[in-house]
Structures are given as structure tokens and as C-alpha cells.
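Here's a quick tour of one protein model. Have the sequence and the 3D view open as you read.

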Amino acid sequence: MGIAHLLGAFLFTEGSIGSIYGISILTGVSFGMIFSLNPTIMTETWAPNDFAQNWGWMLLSAAGASFAFNATAGRLYDSQITPEMETDFGVMPNECVGANCFKYSYLFGFGMAMLGTFISLFLIPRTKYGLKLPEDKDYNPKLEEQRRKVSSIVGY
């Protein structure tokens with residue numbers, strides 16, 4: 001997703017409206033990959049018994065983040081609007097034309113994607129039930145038995 005936002009910030013130019021379609025498709029595919037991998041990651045990281053609760057929190061956090069990010073992207077877009085001015089042809093309205101209108105929104109999205117990546121890389125080794133081997137002192141045979149049952153039911 002970070003790559004899609006970085007491409008949006010620097011490849012989307014005034015004459016290439018077609019590139020916004022590719023950037024939107026890449027962003028959509030990134031969202032789809034995130035939401036299709038989340039159930040597997042949550043099942044492996046936490047106990048399968050808590051899956052529904054964790055899934056609900058994940059969806060709630062995604063909705064809350066989308067509200068916050070949309071508001072921030074809107075403010076960044078609004079900061080690029082030229083003020084209303086009078087010309088010989090009449091009053092020019094408040095508007096933003098061109099690629100610069102979206103550049104800072106895409107850079108903000110890229111920054112947030114990188115922040116999320118670094119936080120994930122920091123937290124992965126610190127998970128309580130991360131993929132532990134039997135020789136680890138925190139190995140939980142009961143949790144491993146639950147994982148086997150789920151794997152046999154789901155088929156992976």
C-alpha cells in the first residue's frame with residue numbers, strides 16, 4: 001500500500017489522469033490483501049477461541065482509522081486550494097487543479113503505511129503466542145492442540 005501511495009505522490013501528473021486508475025487499483029488490491037491475510041494472522045497470533053472478538057476489534061479500528069485518514073487527507077487537499085480571486089474575466093472560484101492537490105495526501109498515506117510496517121516489525125517478535133517451537137520455554141501444548149483441531153477442520 002505504501003508503494004501505491006508513493007507512486008501516487010510522484011507519478012500522478014497533470015496530463016496523466018489514467019495513472020490515477022492504476023494507483024487506485026493498486027491501492028484496492030493492497031487493501032484486499034490486508035483483509036484476506038488478517039484472519040490467518042489473527043488465528044496464528046492469538047487463540048482461535050478469541051477470533052470473533054479480535055476480528056470485531058480489527059474491523060472497528062479500520063473504520064475509525066478511515067474516518068481519521070479521510071479527514072486528514074481532506075485537510076491536506078483543502079490546503080492546496082487557491083483562494084477566490086477577481087480577474088478580468090470575473091471571480092475565479094476556490095479550486096485546486098492538477099497533481100499537487102493530491103500529492104500531500106499520498107505522501108501522508110505513504111508515511112502512515114511505513115509507520116504501520118515499522119510498528120508491525122517491532123511487535124512481531126514480541127507476541128505472546130507467536131510461532132513458538134517446542135523447545136521454547138513459553139511453548140503451550142494446549143494452544144498447539146487447539147491449532148491442530150482448527151487446522152483439521154479448516155483443512156490447512
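What follows goes from the overall fold to one helix pair and then to a surface patch.

## The overall fold

Keep in mind that this is a predicted model. Starting at the N terminus, the order is α-α-α-β-β-α-α.

The protein has 156 residues, and 18% of them are buried. As for accessible surface, there's about 11,300 Å² of it, with 66% belonging to carbon and sulfur atoms. Take the contacts between residues at least 6 apart in sequence: 52% of those join residues at least 24 apart.

## How α3 and α4 pack

Helix α3 covers residues 51–78, while helix α4 covers residues 100–123. The two pack at an angle of about 145°, and their axes sit 8 Å apart. Their crossing is right-handed.

Who makes the contact? On the α3 side, it's Phe69, Thr72, Ala73, Leu76 and Tyr77. From α4 come Cys101, Phe102, Tyr104, Ser105, Phe108 and Met112.

Phe69, Met112, Leu115, Ile119, Phe122 and Leu123 make a nonpolar surface patch of about 540 Å². Helix α4 supplies the largest share of that patch, with five residues. Two patch members, Phe69 and Met112, also turn up in the α3–α4 contact.

Leu123 is another patch member and lies in helix α4.

Key
Residues are numbered from 1 along each chain as its sequence is written. This is a predicted model: local features need pLDDT of at least 70, side-chain atom pairs count only at pLDDT 80 or more; totals for chains, interfaces and linings use all residues. Side-chain values use heavy atoms; hydrogens and water are left out. Patches are made of residues with over 30% relative accessible area and no salt bridge: like charges are joined within 9 Å, nonpolar side chains (Val, Leu, Ile, Met, Phe, Trp, Tyr) within 5 Å. Accessible areas come from the Shrake-Rupley method with a 1.4 Å probe; for residues, only the protein chains shown count as cover. A salt bridge is a side-chain nitrogen of Lys or Arg within 4 Å of a carboxyl oxygen of Asp or Glu. Helices (H or I, at least four residues) and strands (E, at least two) are DSSP runs, numbered from the N terminus. Axes are lines fitted to C-alpha atoms, for helices over the stretch in contact, and angles run from 0 to 180 degrees between N-to-C directions. A crossing is left-handed if the near helix is turned anticlockwise from the far one by less than a right angle, and right-handed if clockwise. Contact means heavy atoms within 4.5 Å. Buried means under 20% relative accessible area, exposed over 50%, partly exposed in between (1.4 Å probe, protein chains only).
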